[in-house]
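Q: I am new to this structure and would like to understand how the descriptions given to it are reached. Could we go through them one at a time?

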Amino acid sequence: MHAVVIGAGIIGLATAWRLKKDGWSVTIVDPTPGNGASYAAAGMLAPASEVVWGQSPLYSLMIAAAQLYPTFAEELATASGHHLGYAQTETLVCASDAADRQSLRELCALQTSLGLSLELIAGTQARALEPALGPGVTAAVRIEGDHSIDPRRMTDALQALLTESIVRRRVAALASDGSRTRGVALANGQNIVADQVVVCAGADTGTIEGMPRLPLRSVWGDVVRLSVPRRLQPIVTRTIRGLVRGRPVYLVPRPDGTLVLGASVREDGVDGISAGGVHQLLRDIERVVPSVLECEITDVTARARPGSPDDLPLIGRIDEGCVVSTGYFRHGILLAPLGAQLTADLTRGESGDADMLTAVDPSRFAQDIRKGDSR
Ligand SMILES: Cc1cc2nc3c(=O)[nH]c(=O)nc-3n(C[C@H](O)[C@H](O)[C@H](O)COP(=O)(O)OP(=O)(O)OC[C@H]3O[C@@H](n4cnc5c(N)ncnc54)[C@H](O)[C@@H]3O)c2cc1C
């Protein structure tokens, strides 16, 4: 069986790798592999600190994905011979004033009620763990199970394993015989025939002709990468997330000593780097870890997260020859092993986990996406 996977972000690549391991022949089509949202992502694997009110179906997906991660990361590192920057150190979520401390307490209660393991500590205890925390940090939550990985290293590793299967072209349209998808038409006029087409084109999924209209939106994020002067190393030894007047900010230390500072969340249509977005990140992190301002900026990136109305992915069958897997919003790196598994199950025509597939079915928005129903 042959699958064409549209999109070489973390989701397309992880799905293609999975199908290949199951004996499928795969072709992955992308003009700029690994350069979408996955290129910007900080790589927090944070089932607990990403919990927000009113998203209960998402919690179980995040927890299930986090459980798959150690095996997934080990298999990928072993098969590719690449280091993935996988850090299984805890996360510290810090509050920077009384109102933020109260929000943190309430969120803690929700997270604990879901069975997540965490510990609320005072600002002084947090500074004993991370001396670079600013004097304004008045409380923090230790979350043992929230880890991180380097998404750029992951997509590099996956591309190395799939290099002969990658075609650097843009897909213009799905190729259909009128009743089912039979392959893809490339922007250069070439066609590729396939038994199954798997659409993993992130926020650009809607630009492919022949795709049903999905409720997808682009949620832009600016993210800053920094190197730390030798005299300050290491500034922090675990992921630091902060709440600053209700705004989230985070700092992820990489095993190579560099830092990732993120991320703005904006739907202003500015598809390049936003000056205001970067300014706010620097201003907010100054409250939480002031010495970050002594570091050197090495990279600033802005990319669009593929958002859905309820922040859950959109994974489902479009017709007998086509499956879509997108809408991973701010959790695509965490959800990648699980999303790839569910998408591969659908592609192979296997039943998969019925509860999870129902939760992510794109038709949940009162619209049947199977071809012919809505464009
Ligand atoms: C600033 C920022 C920080 C983030 N931090 C985290 C984090 O800490 N943890 C986490 O879990 N998630 C995080 N995310 C979210 C995560 O990055 C995304 O959910 C995930 O990368 C989505 O992966 P994807 O493969 O669906 O999309 P993408 O990575 O965007 O890949 C889609 C690919 O499809 C290709 N494509 C598009 N159209 C076509 C076409 N017509 N033909 C061929 N190819 C096409 C594109 O070139 C692209 O390479 C973050 C996102 C951002 C922006």
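Q: How do the residues of the shell around the ligand divide into nonpolar, polar and charged?
A: In this predicted model, the shell around the ligand divides into 21 nonpolar, 10 polar and 7 charged residues. The ligand is surrounded by 38 residues, and the closest are Asp30, Ser38, Met44, Phe329 and Leu334.

Q: Why is the ligand said to lie between domain 1 and domain 2?
A: Residues of the shell around the ligand come both from domain 1 (2–40 + 153–215 + 309–364) and from domain 2 (91–144 + 218–307), and therefore the ligand lies between them.

Q: How do you know that strand 12 and strand 19 pair?
A: Two strands pair if there are at least two bridges between them, and 3 bridges join strand 12 (residues 196–199) to strand 19 (residues 322–326), so the two count as paired, and they run parallel. Val197 has Cys322, in strand 19, as its bridge partner.

Q: What is the order of the strands in the open sheet of 6 strands?
A: The order is 8-2-1-12-19-18, with mixed pairing. Strand 8 (166–167) and strand 18 (314–319) are called edge strands because each pairs on one side only.

Definitions and conventions: Residues numbered from 1 in each chain as written. Predicted model: local features only at pLDDT ≥ 70, side-chain atom pairs only at ≥ 80, totals over all residues. Heavy atoms only, no water. Near = heavy atom within 4 Å. Nonpolar A, V, L, I, M, F, W, Y, C, P; charged D, E, K, R; others polar. Domains from an automatic or database assignment. Helix = DSSP H or I, 4+ residues; strand = E, 2+ residues; numbered from the N terminus.
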